[in-house]
Amino acid sequence: MLLVGNGQMITRDSAVPYYPDGCLVIRDNVIMEVGTTTALRQKYPDAQFIDAKGKFIMPGMINTHMHLYSTFARGMALKDAPPQNFTQILERLWWRLDKVLTEEDIYYSAMVPLLECIKNGTTTIFDHHASPGAVKGSLFGLAQATKATGMRACLCYEVSDRDGSAVRAEGIQENVDFIRYANNGSDELIRGMFGLHASLTLSDETLEQCSVANSGLGSGFHVHVAEGIADLEDALAKSGQRVVERLASFGVLGPKSIAAHCVHVNEQEIAILRDASANVVHNPESNMGNAVGCAPVLTMLNEGVNVGLGTDGYTCDMFESFKVANILHKHQQANPSVAWGEIPTMLFQNNPTVAAAYFPKPLGRLAAGCFADVIIVDYNPPTPCTEQNIDGHILFGMSGGSVTTTIINGKVVMHERQLTNLDEAAICARSRELSSKLWERF
Ligand SMILES: [Zn+2]
């Protein structure tokens with residue numbers, strides 16, 4: 001039994017959202033009890049105690065759209081002229097990089113951001129993977145990395161037509177094999193989804209094959225939707241339908257599915273997403289960096305769509321995504337009064353809803369019966385902190401670098417900024433060796 005206490009505790013549980021001096025009790029991988037430090041230390045005098053020393057105790061962050069494989073692009077020079085639009089970014093960067101990834105590259109390009117997730121307080125990720133030169137076994141290799149770090153992860157392989165029918169078939173099979181392995185297993189840290197790249201790289205025949213392959217597996221699809229304008233133009237040209245309409249016609253969008261981005265969607269498409277109970281994931285920094293536009297996130301939330309928050313691999317720090325989402329929509333609408341409530345809802349309510357479709361106990365909340373995914377954040381509020389203004393303190397006072405301790409599934413993976421069972425220097429050294437070789441092949 002493990003107690004984490006003597007901290008200001010933000011529970012995200014409506015019963016008691018904030019304890020000035022909170023404590024929680026962990027048994028195995030589950031939170032058993034939540035209360036005050038004095039009461040719980042008296043009740044469990046022999047339990048191991050992690051002293052938060054007045055810092056903030058919070059639920060671990062959930063990132064609902066991530067690309068671990070993107071790591072080796074950091075600092076890499078492109079070989080073509082600088083991309084002028086999103087399609088050129090795909091063609092000149094990502095589709096050249098993912099083609100040359102080897103099995104070992106996949107492992108190390110995952111290990112580095114997984115460590116960064118732990119250091120920044122992210123405890124669950126929904127990853128979207130591509131490695132057309134090494135498809136078979138790629139999700140199992142990724143799962144080895146997530147297991148080595150202790151991360152909770154839901155993985156998928158992005159099927160597309162861009163590398164021909166043999167690679168397409170391998171991608172479909174990898175999703176099927178991994179979903180069968182992960183979703184029937186007893187390991188509560190790992191799950192699988194059916195990955196699709198995006199409408200613009202998927203023919204009707206492929207969408208049909210994927211829909212058939214996924215039927216009966218009980219999993220949803222994880223797909224990029226109307227991220228760039230080219231996806232919309234392609235869908236209209238191929239089918240006369242917009243992207244959401246086209247994907248919905250193949251049964252791709254359901255309550256367990258993730259539609260990442262949804263930048264270029266109209267009112268009818270928003271209604272389809274809502275009626276299908278599909279999850280949308282917003283990635284503000286990525287959208288701004290790729291200059292694809294601003295997703296109508298506030299409209300989608302108003303219309304009742306479950307919109308969560310991700311990073312698209314742009315960062316491992318959900319505090320950063322939270323800050324940028326907050327200002328992006330104010331800037332876009334030229335209105336400083338918007339997005340104060342919606343962005344916290346996306347991160348702290350809607351991301352846990354996405355996670356609940358896959359993981360067997362609640363996440364994102366410190367309450368009895370939830371998974372023990374907990375972080376301690378070093379922040380000393382300069383103004384009064386109450387249950388009414390918690391989000392203002394998180395927004396303006398905290399960042400991923402403030403996280404000192406990370407617990408996932410009841411296991412302490414970082415304690416007082418020390419990773420407990422991983423050699424970060426060795427992992428980064430091997431990553432540098434492999435990435436320098438990949439840059440030559442790129
Ligand atoms: Zn993405």
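**Strands, helices and a loop**

Reply: Leu2 stands opposite Ile26 in S2. Please keep in mind throughout that this is a predicted model.

Me: How many bridges join strand S1 to strand S2?

Reply: Strand S1 covers residues 2-10 and strand S2 covers residues 18-27, and the two run antiparallel. One of their facing pairs is that of Leu2 and Ile26, which stand opposite each other. The number of bridges that join S1 to S2 is seven.

Me: In the hairpin of S2 and S3, which residue takes a positive phi?

Reply: S2 is joined to strand S3, residues 30-36, by six bridges, and these two strands run antiparallel. Within that pairing, Cys23 has Gly35 in S3 as its bridge partner. The hairpin has two residues between the strands, and the residue there with a positive phi, near 55 degrees, is Asp28.

Me: Which are the edge strands of the open sheet of four strands?

Reply: The open sheet has the order S6-S7-S8-S9, with parallel pairing. An edge strand pairs on one side only, and this holds for strand S6 (61-66) and for strand S9 (190-192). From one strand to the next, the twist averages 15 degrees.

Me: Which residue stands opposite Arg191 in S9?

Reply: Strand S8, residues 152-155, pairs with S9 in the parallel sense, and the pairing extends over three bridges. The residue that stands opposite Arg191 in S9 is Cys154.

Me: What angle does the direction of helix H4 make with that of S8?

Reply: Helix H4, residues 138-149, packs on the sheet, where it touches strand S7 (122-127), S8 and S9. Taken against the direction of S8, the direction of H4 makes an angle of about 170 degrees.

Me: Are helices H5 and H6 roughly parallel or roughly antiparallel to each other?

Reply: Helix H5 (residues 165-183) and helix H6 (residues 204-214) pack with their axes 10 Å apart, at an angle of about 20 degrees. Angles under 35 degrees count as roughly parallel, so H5 and H6 are, in their directions, roughly parallel.

Me: By class, how many residues in the contact of H5 with H6 are nonpolar?

Reply: H5 passes H6 in a right-handed crossing. Arg168, Ile172 and Val176 in H5 meet Thr206, Gln209, Cys210 and Ala213 in H6. By class, the contact has one charged and two polar residues, and the number of nonpolar residues is four.

Me: Is Gly133 buried, exposed or partly exposed?

Reply: Gly133 has its place in the loop between S7 and H4. Beyond its neighbours within four places in sequence, Gly133 is in contact with Lys99, Val100 and Leu101; from Lys99 it is 34 residues apart in sequence and 5.1 Å apart in space, C-alpha to C-alpha. A residue is buried if 20 or more other C-beta atoms lie within 10 Å of its own, and exposed if 12 or fewer do. Gly133 has 15 other C-beta atoms within 10 Å, so Gly133 is partly exposed.

Notes
Residues are numbered from 1 along each chain as its sequence is written. This is a predicted model: local features need pLDDT of at least 70, side-chain atom pairs count only at pLDDT 80 or more; totals for chains, interfaces and linings use all residues. Axes are lines fitted to C-alpha atoms, for helices over the stretch in contact, and angles run from 0 to 180 degrees between N-to-C directions. Angles under 35 degrees count as roughly parallel, over 145 as roughly antiparallel, 65 to 115 as roughly perpendicular and the rest as oblique. A crossing is left-handed if the near helix is turned anticlockwise from the far one by less than a right angle, and right-handed if clockwise. Two residues are in contact if their C-beta atoms, placed from the backbone, lie within 7 Å. Ala, Val, Leu, Ile, Met, Phe, Trp, Tyr, Cys and Pro count as nonpolar, Asp, Glu, Lys and Arg as charged, and the others, Gly among them, as polar. Two strands pair if DSSP finds at least two bridges between them.
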